[in-house]
Amino acid sequence: PPRSTLFPYTTLFRSKTGEIIIDPVQLTVLIQQKSGQSDPFFGDFFATYQNVPKMIASQPVKIKVNSLPGNQPDNYSGVVGKLELKSSINKDSVNVNDAINMRITISGSGNLKVAAVPSLKLPPDIEVYDPKTTEDIKNGLNGSSGSKTFEYLLIPRHYGDYTIPSISYSYFNTSSGKYEVLKTPEYKFYARKGSGADQSSEITVY
């Protein structure tokens, strides 16, 4: 039988509605063909074969992309699929001007590549840096799946009790056909007076 390499598969995500046409995919394969004549007594047992290149192509594919129903929530992540949300902080107490690490991980299936950075609403005395983002996303016959993690450094600039409010993160659930909102728990931590830190809660004027 002829041998050839298999067509690779690619996961496509469309960000605009309407009708699109996916152009044909072309590639060259090697077809094994018999060379020379068959032996009248042994048939093809001693026959020789050679690999002959041949161009093959797929048919163009027409796809209609529908718009998402309803109004998108303000915290819509851009993800269409099925998601889970996990979060954690690495400390419940820290010295002033030292960092706490907050990790938020979204996992599941869908267009995770476009997942927006979760928006943190923090007290003004907490300084936050842009998160480090890591991805573990794989494409398969059933689409993309995996996880995307956001790691934040949070630095309290004054001592006392702090609260990190719950974070909302929404996506469009393809199973239910509705937008769903995921939420992290509320976190509390305490910032201690550290050596050399700004420990003043009152200002004295002379």
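What is the volume of the second largest pocket? I read a value of about 250 Å³ for the second largest pocket. For the term itself I noted that, on a 1 Å grid over the protein atoms alone, a pocket is an open set of points where a 1.4 Å probe fits, with protein on both sides within 12 Å along at least five of seven lines. Grid points are joined across faces, edges and corners, and the volume is the space filled by probe spheres set on the points.

**Basis.** I worked on a predicted model, in which local features need pLDDT of at least 70 and side-chain atom pairs count only at pLDDT 80 or more, while totals for chains, interfaces and linings use all residues. Residues are numbered from 1 along each chain as its sequence is written, and side-chain values use heavy atoms, with hydrogens and water left out.

**Overall.** I found zero helices and 14 strands in the protein (DSSP runs numbered from the N terminus: H or I of at least four residues for helices, E of at least two for strands). Of the 206 residues, 27% count as buried (under 20% relative accessible area with a 1.4 Å probe, protein chains only; exposed is over 50%, and partly exposed lies in between). Among contacts (heavy atoms within 4.5 Å) with a separation of 6 or more, 70% join residues 24 or more positions apart.

**Pocket lining.** I looked up the 15 residues that line the second largest pocket, lining residues being those with an atom within 4 Å of a point. Asn75, Ser119, Lys121, Ile167 and Ser168 lie nearest the pocket centre. By class the lining has eight nonpolar, five polar and two charged residues (Ala, Val, Leu, Ile, Met, Phe, Trp, Tyr, Cys and Pro are nonpolar, Asp, Glu, Lys and Arg charged, the others, Gly among them, polar). Strands S5 (76-89) and S12 (168-173) each supply at least two residues of the lining.

**Strand S12.** How many residues of S12 are buried? I counted five of its six. S12 runs parallel to S5, with three bridges joining them (strands pair if DSSP finds at least two bridges between them). Glycine 81 stands opposite asparagine 173 of S12. With S13 (residues 178-183), S12 pairs in the antiparallel sense over six bridges, one of which sets tyrosine 169 against leucine 182. S12 and S13 form a hairpin with four residues between them, and glycine 177 in the turn has a positive phi of about 70°.

**Strand S10.** I then turned to threonine 149, placed in S10 (residues 143-156). Threonine 149 counts as buried because its relative accessibility is 10%. Its side chain makes a polar contact of 3.1 Å with the side chain of threonine 105 (N or O atoms within 3.5 Å, one able to donate a hydrogen and the other to accept it; residues adjacent in sequence count only if both atoms are side-chain atoms). Serine 144, also in S10, is buried at 7%, and its side chain makes a polar contact of 2.4 Å with that of asparagine 139.

**Lysine 188.** Leaving aside neighbours within four places in sequence, I listed Ile89, Asp92, Tyr162 and Thr163 as its contacts. Lysine 188 and tyrosine 162 are 26 residues apart in sequence and 5.6 Å apart in space, C-alpha to C-alpha. A polar contact of 3.2 Å joins the side chains of lysine 188 and threonine 163.
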